[in-house]
Amino acid sequence: MIIAIDGPAASGKGTIARQLAAVYGLHHLDTGLLYRAVAKAMLDGGHPPDDAARATAAAIALDPRKFEDNALKLQAITEAASVVAAIPQVRQALMNYQREFATKPPGAVLDGRDIGTVIAPGADVKLFVVATPEVRAKRRALELQARGEATDEAEVLADLLRRDERDSRRTAAPLKAAPDAHLLDTTHLGIDAAFRAAVDIIEAVRTGRKRR
């Protein structure tokens, strides 16, 4: 079984994806980490993230087994990753890895921006997770504060809106819901409620019944 979860930053898709993978016994891939790793390689090398040739070379050389998740979550890398992700050659270089990961038995949950539209268009279930920008900014600010990073919620909101604009308008695999994706709005849902709503959608699809 392949479950594709897309949506903007801080919508809750990553948390939902991890929980779904654990419950259904599937592999999980946060595809955003791939782009963050490329961004980190660019910044570590002193290169601008929009250097397409160097970014593509970094993507080709990427070894996902050597990720350091915490190091990839820094705000500077978050911003650079959005720039790197808009480079078509980088997306192409990372596509095969993602598709191979999705098809490893017994299946996988992948979360990102283009899973249901590009990486796994034939996924068994597709979710498009959203929340209002203000709620997403609050969540991200709390997450950054928990990691000890100084944050300003207004700046976080502005950053999220810039990323939304960049992700939605890029020519390569823009952020958008697949025609057959199920919308899940987590604006007014806590983690547990959002997870239960996701399970309800998946079970409805699996059993062929209509959502309430």
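Keep in mind as you look around that the model is predicted.

Now widen the selection to the whole of α3 (residues 52-60) and α5 (residues 88-102). Their axes lie 8 Å apart and pack at an angle of about 10 degrees. Because angles under 35 degrees count as roughly parallel, α3 is roughly parallel to α5.

Next stop, the sheet. Show the strands and follow them in the order β2-β3-β1-β4-β5: these five form an open sheet with parallel pairing. At its edges you will find β2 (27-30) and β5 (182-185), each of which pairs on one side only. Direction ignored, neighbouring strands of this sheet are turned by 20 degrees against each other on average.

Zoom in on β4 (residues 125-130), which pairs with β5 in the parallel sense over four bridges. Pick Leu-127, and you will see His-182 of β5 standing opposite.

Which strands does helix α1 touch as it packs on the sheet? Select residues 13-24 to bring up α1, and look for its contacts with β1 (2-6), β2, β3 (108-112), β4 and β5. The direction of α1 makes about 175 degrees with that of β3.

Finish with helix α9, residues 191-207, which also packs on the sheet and touches β1, β4 and β5. Compare its direction with that of β5: the angle is about 165 degrees.

How values were computed
Residues are numbered from 1 along each chain as its sequence is written. This is a predicted model: local features need pLDDT of at least 70, side-chain atom pairs count only at pLDDT 80 or more; totals for chains, interfaces and linings use all residues. Side-chain values use heavy atoms; hydrogens and water are left out. Two strands pair if DSSP finds at least two bridges between them. Helices (H or I, at least four residues) and strands (E, at least two) are DSSP runs, numbered from the N terminus. Axes are lines fitted to C-alpha atoms, for helices over the stretch in contact, and angles run from 0 to 180 degrees between N-to-C directions. Contact means heavy atoms within 4.5 Å. Angles under 35 degrees count as roughly parallel, over 145 as roughly antiparallel, 65 to 115 as roughly perpendicular and the rest as oblique.
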